[in-house]
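I opened this model to look up its fold, its packing and a few single residues. My notes follow in the order in which I checked things.

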Amino acid sequence: MPLYESVLIARNDVSQTQVETIVTDIETLLAQDGGVIEKREFWGLRSLAYRIKKNRKGHYVLLGLNARPDQIREMERQLGLNEDILRVLTLRVDEIDPNPSAILSRKGEDRGDRAAPRGVGGKPAGRFDSGRGGRRGDDREEFRARGEREDADLGVE
């Protein structure tokens, strides 16, 4: 049978246990005709890039599926009818990676970076920081220097 990866986004009003029951419903639907969920990852409540049906956050779930195409179509149809599911994306893959996805592996690294001082870790130090903190004086100096340079270009002293 072909292999698929599917990502579901559930509404943020729904609890984690309700999301898990949706996944078990999918599992029973696939198991009726011999399909199997080989991988489950609950990514948790995450912010959406844009609002979907007036929701700003959603529960993300990644599933590695081993099922026939007609089973996948039926699964997507059932999820489309479910009001708690905002989006579903299913892709056919060559193999299902048993290792944690990039989202889960990065989640552990992010917590370590938060405690690090500015400029240490993956964040570059400079004027494009969030603007919070004690770097405000540097920005003012830069703007003053820019103003002096513009005045010199105009011939004003």
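**Fold.** I counted 4 helices and 4 strands in the protein chain, taking helices (H or I, at least four residues) and strands (E, at least two) as DSSP runs, numbered from the N terminus. Read along the sequence, the elements follow the pattern β-α-β-β-α-β-α-α.

**Conditions.** I noted that this is a predicted model, in which local features need pLDDT of at least 70 and side-chain atom pairs count only at pLDDT 80 or more, while totals for chains, interfaces and linings use all residues. Residues are numbered from 1 along each chain as its sequence is written, and side-chain values use heavy atoms, with hydrogens and water left out.

**Totals.** I looked up burial for the 157 residues of the protein chain, and 27% of them count as buried. Buried means under 20% relative accessible area, exposed over 50%, and partly exposed in between (1.4 Å probe, protein chains only). The protein chain exposes about 11100 Å², and carbon and sulfur atoms supply 48% of that area. The areas come from the Shrake-Rupley method with a 1.4 Å probe; for residues, only the protein chains shown count as cover. I then took the contacts with a separation of 6 or more: residues 24 or more positions apart account for 71% of them. Contact means heavy atoms within 4.5 Å.

**Helix α1.** I checked the length of α1 (residues 16-31) first. Its 16 residues should span 22 Å at 1.5 Å a residue, and the end C-alpha atoms are 23 Å apart, which agrees. The expected span is 1.5 Å times one less than the number of residues.

Which residues of α1 are buried? I found Val19, Ile22, Val23, Ile26 and Leu30. They cover an arc of only 95 degrees around the axis, so they sit on the same side of α1; the arc is that of the directions from the helix axis to the C-beta atoms. As background, an α-helix has 3.6 residues a turn, so residues three or four places apart point the same way. On the other side of α1, Thr17, Asp25 and Thr28 are exposed. The cover over the buried residues of α1 includes β1 (3-11), β2, β3, α2 (69-81) and β4.

**Cores.** I used a nonpolar core as a set of buried Ala, Val, Leu, Ile, Met, Phe, Trp, Tyr and Cys residues joined through side-chain atoms within 4.5 Å. The largest one has 18 residues, and those with the most contacts inside it are Ile26, Ile37, Leu63, Leu65 and Leu79. At least two residues of this core come from each of β1, α1, β3 and α2. The largest share, 5 residues, is supplied by α1.

**Aromatic pair.** I searched for ring pairs with the rule that rings of Phe, Tyr and Trp (its six-membered ring) pair if their centres lie within 6.5 Å; planes under 30 degrees apart count as stacked, over 60 as edge-to-face and the rest as tilted. The count is 1 aromatic pair. The rings of tryptophan 43 and tyrosine 60 have centres 6.2 Å apart and planes at 20 degrees, so the pair is stacked. It links distant parts of the chain, with tryptophan 43 in strand β2 (residues 36-52) and tyrosine 60 in strand β3 (residues 55-66), 17 residues apart. Tryptophan 43 is buried at a relative accessible area of 10%, and tyrosine 60 is buried at 15%.

**Serine 101.** I located serine 101 in the loop between β4 (85-93) and α3 (102-115). Buried or exposed, at 13% relative accessibility? Serine 101 counts as buried. Not counting residues up to four places away in sequence, serine 101 touches Lys39, Glu41, Trp43 and Leu62.

**Proline 2.** I found proline 2 in the segment before β1, buried with a relative accessible area of 17%. Proline 2 and proline 69 are 67 residues apart in sequence and 7.6 Å apart in space, C-alpha to C-alpha. Contacts of proline 2 beyond four places in sequence include Arg68, Pro69 and Arg92.

I looked at the loop between β2 and β3, where lysine 53 lies. Lysine 53 has a positive phi of about 50 degrees although it is not a glycine, and lysine 53 is exposed at 59% relative accessible area. Lysine 54, also not a glycine, has a positive phi of about 65 degrees and counts as exposed at 78%.
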